[in-house]
Amino acid sequence: MTLPRFLENFRLPDEADRLACRKRPPGSIVGRQRWTDLLFLHWTVDPELVQSTLPPGLRVDVLAGKAYIGIVPFFMKRIRPAWLPPLPWISWFLELNVRTYVHDANGRPGVWFYSLDCNQPLAVALAKRFFHLPYFNARMSAQRSERTIRYACQRNAPSSAVSHYAWTPGTETHLAAPGTLEFFLVERYVLFSTNRSGQLHTGRVFHSPYRVHHPVVTDYSAAPAQWDGFALNEPPISVLGAQSVDVSVYSLQPVHTALL
C-alpha cells in the first residue's frame, strides 16, 4: 500500500514508540499539576484535512487510516511551578481543549492543540509565553449534583456561544490496552507547539497511565471545534472519562534538540 504523500519520509510510530512516551523523561521538572474529572469526546475526520492545518515537521497520526479531533473539558488543580506550593485563587481553574494527534519525523507521537480555553487569565498568559500554546480566555463554570458534572464554556469572543457538557462518570475503571483506540486517544505524553517564528517545539509530561471509564453523557457541544474550523456534525464516535492524575511538567525544547 502506498503511503499518502504527506507521510513520506516520516517514520510512523509503532507500539514501542507509544509505550516509550509513558516513561519518565530526563531533565528537570518545571511544574506540577493535577488533572481531574476528564471527559474525552472524539470524532473521526479526514486525515488530509488535519494535515493541511499542521506546521512543517509534523504529520497527522492515524489509526486504521483515521484521524481524530478531540474535545476535552476537565478540571485543573494545584497548578504551580515545581518549587512553589499551590496558591489560593490561582492554582485551581477549568480548561477545555480542542486537539488532534500527530507525530514528528522520528515517529514520536504527541498532541497538537488547536485551542485551549481557560478561565484563569494568568495561566493563559504564562502558557502562551513559555509553552507557545494557543490559549484563550473564557468564561467557564462547573457544578456537581451528586455524581453528575455540569460544565459550561464560552470563549471571550463576539461570536462565541456557550458550550454545555454534562456527564456522570462510570463506576468501573480500567487501563487502556496498547493497540486499542482508547490507548491511541488518551495515552499521550508529548505536546508540540510553534513559537512566533514558526520553530517547532516539543514538551513532555509524566503521570501514571489514565484509568479510563465509560461516562454517561447527557449534554455536549462540538462548538469549540467549530470555532477552530472543524464542522463536526455527527455524534462523537468515542466517549471516555478518566480519573485524576498528578502530572509533572518538563520544559519546552526545540524539536532538533529535544530528548526522547
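I counted the salt bridges, and the structure holds nine. A salt bridge here is a side-chain nitrogen of Lys or Arg within 4 Å of a carboxyl oxygen of Asp or Glu. Side chains of opposite charge can pair when their charged atoms come close.

I noted that this is a predicted model, where local features need pLDDT of at least 70, side-chain atom pairs count only at pLDDT 80 or more, and totals for chains, interfaces and linings use all residues. Residues are numbered from 1 along each chain as its sequence is written, and side-chain values use heavy atoms, with hydrogens and water left out.

**Entry: Arg34 and Asp246**

I looked up Arg34 and found its side chain in a salt bridge with that of Asp246, at 2.6 Å from N to O. Arg34 lies in strand β1 (residues 29-36) and Asp246 in strand β16 (residues 245-250), so the pair ties together parts 212 residues apart in sequence. Strands (E, at least two residues) and helices (H or I, at least four) are DSSP runs, numbered from the N terminus. Arg34 is partly exposed at 31% relative accessible area. Asp246 is partly exposed too, at 48%. I use buried for under 20% relative accessible area, exposed for over 50%, and partly exposed for in between (1.4 Å probe, protein chains only).

**Entry: Asp37 and Arg144**

I checked Asp37 next. Its salt bridge is with Arg144, and the closest N and O atoms are 2.3 Å apart. Asp37 sits in the loop between β1 and β2 (38-45), and Arg144 in strand β7 (residues 135-145), so this pair ties together parts 107 residues apart in sequence. Asp37 is buried at 18%, whereas Arg144 is partly exposed at 46%.

**Entry: Arg155 and Asp117**

I found a salt bridge of 2.7 Å, N to O, between the side chains of Arg155 and Asp117. Arg155 is in strand β8 (residues 148-155) and Asp117 in strand β6 (residues 109-118), 38 residues apart. Both are buried.

**Entry: Glu95**

I went to strand β5 (residues 93-103), where Glu95 lies. Glu95 is buried at 3% relative accessibility. Leaving aside neighbours within four places in sequence, its contacts (heavy atoms within 4.5 Å) include Asp117, Tyr135 and Tyr151. The side chains of Glu95 and Tyr135 are joined by a polar contact of 2.7 Å. That term means N or O atoms within 3.5 Å; within protein, one must be able to donate a hydrogen and the other to accept it, and residues adjacent in sequence count only if both atoms are side-chain atoms.
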